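My notes follow the structure.

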Amino acid sequence: MSTPETGSQGNGLPVVSVRDLSITFSTDDGDVHAVQNLSFEVAEGEALGIVGESGSGKSVTSLALMGLHRGTRAQLSGEIRVAGIDVVTASDQEIRAMRGNDIAMVFQDPMSSLHPQYTIGNQIIEAYLTHRPTASRAEARRRAIDVLDRVGIPEPAKRINSYPHEFSGGMRQRVLIAMGLVCEPKVLLADEPTTALDVTVQAQILDLLDELRRDLRMALILVSHDLAVVAGSVDNVLVMRKGVAVERGDVRQVLNSPSHPYTQQLLAAVPRIEISRAQRRAQLRAEREGKTTPAAAETPAPSQRSTDEEPLLSVRNVRQRFRIRGGLFGGATDFYAVDGVSFDLYRGETLGIVGESGSGKSTLSRMIMRLLEPTEGTILFQGRDITHLPERKMRPLRRDIQMVFQNPYSSLNPRMTIGDSIGAPLRIQGERDDKLIRTRVQELLERVGLEPSHYNRFPHAFSGGQRQRIAIARALILRPQLVICDEPVSALDVSTQDQVLRLLAELQEDFNLTLIFVAHDLAVVRQISDRVLVMRKGKVVETGDSDEVYENPQHPYTKQLLAAAPVLDPDAARAHRAERRRLRAAQPDTDVA
Amino acid sequence: MTAPLDAPESAQHAEPEAIAQGRRDIASRSLTQIAWRRLRQDRVALGGGIVVLLLILVAIFAPLLTHWFGHPPNQFHQDLIDPATQGVLKNPNDPWSGIDPTGGMSKEHLLGVEPVNGRDLFSRIVYGARISLLVAFLSTLLCVTIGTVLGILAGYLGGWVDTVISRAMDIFLAFPLLLFAIALAGVIPDEAFGLSDNALRIAVLVFIIGFFSWPYIGRIVRGQTLSLREREFVEAARSMGAGTGHIIFREILPNLVAPILVYATLLIPTNILFEAALSFLGVGVNPPTPTWGHMLSESLDYYAVAPHFVIIPGLAIFITVLAFNLFGDGLRDAFDPRSTD
């Protein structure tokens, strides 16, 4: 909680100053103004968060800070100064010296940012020697081991000879940070450093960045689309929208009393882990009643579950085995992606399944969907055993179970009009009347908030959020009983995410759907679920009523997950950070990413 | 920490995400339409396309063209030939006028005449285009069909089907094709399968070229299918209860049209060259039917007295192959998957 003084850590001298920066790309369809009249300063040791949706110009800005706009079609005007160097006018040689020495960058995707053919040691040593040509190789190696140790790579002296593929995503991000640190830069620029990572790993990386900048008195620029990610780690925030800075200021002030409507809107869209299901439902209903005709308000309250009712879906002890080839002596080893999961799901209920990547949540949903055949266990749907049902007999049942996939960019066939895509389930299930299909499709398009006359457009004409609406319409056209949503919003921006979640909540009421909602984002799951299943390495570690699990978690892993979830309140975020440190110290073996 | 509720209401509609309204006037564009727009801006590809189109028209209307601008392709004009050197005379009325290096190009014979027997070169080139293009198109069609069907099956079904088909591809690619073709030419009867003479020979050419070059396209289709199969829209189709037929024909095949079309366009010139090579080696259609490859092989004996006889069929092949390649390259750029996301 040593926060309030962070802003005054530096001596007030700006290491980064941007004045009146505009970046323009000329395209066939005219000029695109990626950034307009942007100005900000970062003092020594200060942390600045740049927040905005995709297309807000935040990444273009960070690339320009590194001088990486050179050689592209970007046209710059204004002034960028990094540690006294004018990035716009400096020679290429000066820029090369600046990168690494004065400012280092950590990129979004740790999987593709490291060269796969060199050991991490070689890559760090190379970076060091480029900037310290007089240093010996042994010196560089010592330095590399130092920084690897600094970023928390266990046994750095050994691991320095490992190749990138031998590390997990979180570890690779640490290696990249180490590579950035090796020349002791004055500024560390992190562009969405945690977007590709799990919640707990994200928390670890953010903690690491926070610690490093304090210990090394480095300035930190943290770029993200998620306000909650930057909240706990920065002193000042800059909110960008469509290339323009809409709000700037102290993080507490911006988050507690945002002045610009866009910031307010962004804040309202961030899913809150502290808001319960009931609160959220009441809030949504109130908003809806205020907006729509009274007819919509008459929708009955969601059916209360009575325990003697037969469950819609009943999963017993399912396991899914994958064979991994190339074990010792070429033999196959068995790996259980889902290992003995059981639960019941009742009509009208929403079950949230939370877990990190590799926890088996997607495999589980594909088994229920019967895209995979469970190796062991049983799945009963409406009392009927569908565990090993052949595809032919499964087909009529597919009317009742539908799925919304994670990636709206790949779940729609790019060569089919959206009308054809949405109508496909009807056609597959034997409907031949084209006029009827068309009417149904247009009704649904309207229902999910899209223009019905866009029936004949192709998916590429729609944004990510709109595509996810289309995917939802496709899942609903058969009027299913059960809809499985596999990370339906994780590929979307925060504000789009909020709109899609609202839509799902509305549709659940109107169509009386039973939902299984799979996600890695705890806050999102809490808002939509009645009950929660926490999964880890194929097993259920905790299950229960969602408010109960969130307010009184029993299993240490659940506690760890909850402590890792990003929160909006800067002070609460810092409290969580302290809690994480305590947890980590208490059980050092629980996966360091 | 409360967000005022009045502002988001209006701001929400300003969002790019907000529901698109009142934009009916913007017509939907399919990926094919986008590709066509891009192709139209590519002058080189467009030029290639126009030449290809012209060549096809020339082949179709060969009888008309020769009627207007030339002579029947097999008609001898021995009066134009110098009996001593077999070259073309400078002045047909003067047997001592010497050899014309242009091969007797005139209003009468636009591209001159052949040495030895004086057949009209223009007509022979025009008729030769028929054989070249016919064989190239048919063999490309054959290998695209075989390659697409087997490639999709191998890629989508996987398992032993994939193993069998992939090994078959390896075997076909390892086959000493040219030797086989030459050997086959020796044993072709005059009549078989109800076909005779040139029809049979063309069928054999199409078969040889098409049947042995399908693995190239088969591999491409298999690779594309492998990656398409893992896309979520295929999984989505399965989750709706779609059968294998629906997935292959409705979901996967439309996504393969662009790569197949591009590859086929690039395969045609290869097959034209292949046909020319086979004709050059004497495997092609029987003389006196004109083909470019056969003309080239004949011309080599007379290159000293009739250089135009080498150059003109060579140029015909060169221009055709170049035009198809330019067009194919443009097509590939236009369908570039990177810019269609």
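The model is predicted; I used local features only at pLDDT of at least 70 and side-chain atom pairs only at pLDDT 80 or more, with totals for chains, interfaces and linings over all residues. Residues are numbered from 1 along each chain as written, and chains are lettered from A and ligands numbered from 1 in written order.

Entry 1, strand 19 of chain A. I looked up burial for residues 531–536 and found six of six buried (20 or more other C-beta atoms within 10 Å of the residue's own, C-beta placed from the backbone). One side carries Arg531(A), Leu533(A) and Met535(A), the other Val532(A), Val534(A) and Arg536(A), and both faces are covered. Strands here are DSSP E runs of at least two residues, helices H or I runs of at least four, numbered from the N terminus.

I found strand 13 (residues 350–354) of chain A paired parallel with strand 19 over four bridges (pairing needs at least two DSSP bridges). Ile353(A) has Leu533(A) as its bridge partner. Strand 20 (residues 539–545) of chain A pairs antiparallel with strand 19 over six bridges, and Met535(A) stands opposite Val540(A). Two residues lie between the strands of this hairpin, where Lys537(A) takes a positive phi near 50 degrees.

Helix 5 (residues 121–157) of chain B packs against helix 6 (residues 159–174) of chain B at about 140 degrees, axes 7 Å apart (axes fitted to C-alpha atoms over the stretch in contact, angles from 0 to 180 degrees between N-to-C directions).

Technical notes: A residue is buried if 20 or more other C-beta atoms lie within 10 Å of its own, exposed if 12 or fewer, and partly exposed in between; C-beta atoms are placed from the backbone.
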